[in-house]
Amino acid sequence: MAAQSDGGKAPGGVGYGGGGFAQLYDVDGEEPLDSAAIHICQCCRTSACYWGCRSACLGSLLGGGQPLVGVGIRETHCPPREQLWLDCLWIILALIVFFWDVGTDLCLANEYYRRQDYLWFGLTLFFVLVPSVLVQILSFRWFVQDYTGGGLGEVEGLTKRGTVALGCLYPGRDRLQLATIWLWQATIHILQLGQVWRYIRTLYLGIMSRRQKEHQRRWYWAMMFEYADVNMLRLLETFLESAPQLVLQLCIMIQENRAETLQCISSLGSLLSLAWVLASYHKLLRDSRDDQRSMSYRGALLHLFWRLFTISSRVLSLALFASLFHIYFGIFVVVHWCAMAFWVVHGGTDFCMSKWEEVLFNMVVGIVYIFCWFNVKEGRTRYRMVVYYIVVLAENTILTGLWYTYRDPALTDSYAVPALCGVYLTFAGGVLVMLLYYGFLHPASAHLQPSPASSCCAQLLWGLPLPPSAPPTAPPTPAHMSKSQTDEDVAETCLPVFQVRSAPITSKPEGPLIKIDMPRKRYPAWDAHYVDRRLRRTINILQYITPAAVGIRYRDGPLLYELLQYESSF
């Protein structure tokens with residue numbers, strides 16, 4: 001489901017054939033294959049340069065010198081010809097893992113109730129229902145934001161105002177259909193199936209993006225937006241439900257000195273759910289950004305095993321400690337969460353659109369850091385990761401050491417040594433798999449030798465981007481531009497947020513241009529048009545009322561704005 005990948009170039013340039021939900025583009029051909037094609041810099045042959053990143057050829061225009069070799073240039077490989085069945089299989093497996101995790105937890109709660117273990121029944125059911133209800137509320141709130149208040153529902157005639165305003169475009173929409181849609185959404189969220197419906201809808205949109213030649217980019221970006229939503233919801237749910245559920249079940253098995261089959265199956269489902277969601281989240285985050293190379297499925301699979309091993313080590317040490325020291329375990333979790341949240345806040349994240357949302361996000365990340373590493377800031381990642389894993393290893397050693405010291409030998413001698421070996425062997429295995437991932441399958445950016453700056457970067461500097469198929473020409477100078485053109489470009493940089501205007505006339509028709517008076521968020525944050533529902537509603541409306549692609553421009557300090565000509569679609 002990516003527009004880019006870390007695979008090598010296919011023979012004969014980039015082809016549109018192949019499979020998968022990704023739209024593939026012909027970079028070297030004479031004509032673009034679709035209006036949604038990614039723009040490629042004509043001087044350094046990368047998309048990262050043309051999208052407004054700090055590039056060597058663009059820096060040479062600002063400084064007037066020769067381009068610097070390898071500074072800020074990210075290599076853009078052609079996407080691999082991944083088959084459609086791989087993308088479908090990934091989503092279907094995600095659904096299976098979800099049902100496995102939640103279903104076994106409910107069956108286990110029923111078993112505790114049947115055995116009259118009401119404490120374990122209450123805790124198990126609590127960790128299933130409360131996170132699920134919170135996630136369903138958030139999911140339904142996103143639906144309301146997307147389909148009301150001038151959103152997608154108004155364009156499709158799903159609101160009263162939309163039916164009146166756009167009745168000529170959608171004559172078949174009426175109040176009955178409106179009531180049916182709202183009733184359906186309310187029902188699936190009451191039944192706690194909001195994520196399931198979003199997974200199914202993602203699968204449908206992805207298949208349609210490959211089979212529908214007309215308005216193909218609309219289907220593709222609809223799938224990307226939907227898949228981003230369900231991954232964010234699943235990430236929140238797994239660390240509120242699966243992670244504490246896994247610790248609880250391991251603690252019960254240690255205390256009762258026996259492990260039942262259903263308990264083991266439930267614990268394995270929770271562990272796999274945690275690892276799967278983390279791998280899926282990071283893969284989709286890279287797929288959604290044009291300035292990052294996509295993660296292949298081989299890389300996602302290795303990422304999955306990295307998470308499986310490290311989370312297993314962490315959860316096992318927590319469960320051993322919690323089986324003896326109930327109160328001190330709660331104190332340890334709170335202290336660790338506060339320390340990690342403070343560390344994240346001190347690092348200065350930029351994920352959300354408001355200050356309070358950012359604080360809430362940092363608190364959630366603090367919960368994630370109780371169990372595993374989660375990158376939230378670009379730059380010096382390896383140093384922060386080393387510090388985190390050293391702290392976790394020290395904590396695991398202290399927790400398991402205290403358990404081993406104060407345990408009852410008569411009850412625990414049969415599994416004490418294997419438990420200690422499991423903590424350290426799984427941790428070492430996770431670190432080893434992590435090194436293999438970063439050494440061989442991590443989509444690290446390669447550097448290219450840039451050629452002298454040509455027309456596209458010069459046009460970007462003066463605010464007049466060319467289409468990707470335009471041949472290189474001599475870079476323009478201010479003298480080449482009339483006074484009226486220069487004044488107009490300067491005036492455009494002062495437009496307010498979300499103001500929409502028609503794009504400049506080029507060699508091919510272009511759609512509306514949304515100018516955002518804010519810099520683009522840096523990886524690993526989501527782009528603003530993924531997390532800001534207002535901007536997404538604007539894109540949705542424009543995609544339905546115009547046949548051309550919608551452009552998005554983010555502000556940039558030195559250049560007054562940063563060009564991000566997303567050919568997004570619904």
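This is a predicted model: local features need pLDDT of at least 70, side-chain atom pairs count only at pLDDT 80 or more; totals for chains, interfaces and linings use all residues.
Analyst: Helices (H or I, at least four residues) and strands (E, at least two) are DSSP runs, numbered from the N terminus. Residues are numbered from 1 along each chain as its sequence is written, and side-chain values use heavy atoms, with hydrogens and water left out.

User: How many helices and strands does the chain have?

Analyst: The chain has 20 helices and 4 strands.

User: What makes aspartate 291 count as buried or exposed?

Analyst: The answer rests on relative accessible area, where buried means under 20%, exposed means over 50% and partly exposed lies in between (1.4 Å probe, protein chains only). Aspartate 291 has a relative accessibility of 12%, and therefore it counts as buried. In the chain as a whole, 54% of the 570 residues count as buried. The C-alpha atom of aspartate 291 is separated by 9.4 Å from that of arginine 522, although these two residues are 231 residues apart along the chain.

User: Why is glutamine 249 called buried, and where is glutamine 249 placed?

Analyst: Glutamine 249 lies in helix 9, and its relative accessibility is 0%, so it counts as buried. If we leave aside its neighbours within four places in sequence, glutamine 249 is in contact (heavy atoms within 4.5 Å) with Leu108, Tyr112, Thr124, Gln263, Ser266 and Ser267. For the chain, among contacts between residues at least 6 apart in sequence, 72% join residues at least 24 apart.

User: Which relative orientation do helix 4 and helix 9 have, and why?

Analyst: The axes of helix 4 (residues 118-147) and helix 9 (residues 216-256) come within 10 Å and cross at roughly 180°. Such axes are lines fitted to C-alpha atoms, for helices over the stretch in contact, and the angles run from 0 to 180 degrees between N-to-C directions. Angles under 35 degrees count as roughly parallel, over 145 as roughly antiparallel, 65 to 115 as roughly perpendicular and the rest as oblique. Helix 4 and helix 9 are therefore roughly antiparallel to each other.

User: What are the accessibilities of cysteine 264 and cysteine 421, and why are these residues classed as they are?

Analyst: Cysteine 264 has 38% relative accessibility and so counts as partly exposed. Cysteine 421 also has 38% relative accessibility, and therefore counts as partly exposed too.

User: What can be said of the backbone at glutamine 192 and at asparagine 257?

Analyst: Glutamine 192 is not a glycine, and yet it has a positive phi of about 65°. Its place is the loop between helix 7 (175-190) and helix 8 (194-211), and with 24% relative accessibility it counts as partly exposed. Asparagine 257, which is not a glycine either, has a positive phi of about 60°. It is found in the loop between helix 9 and helix 10 (261-288), and its relative accessible area of 35% is the reason why it is called partly exposed.

User: Where is proline 524, and what kind of peptide bond joins it to tyrosine 523?

Analyst: Proline 524 sits in the loop between strand 2 (512-519) and helix 19 (528-531). The bond that joins tyrosine 523 and proline 524 is a cis peptide bond, with omega about 15°.
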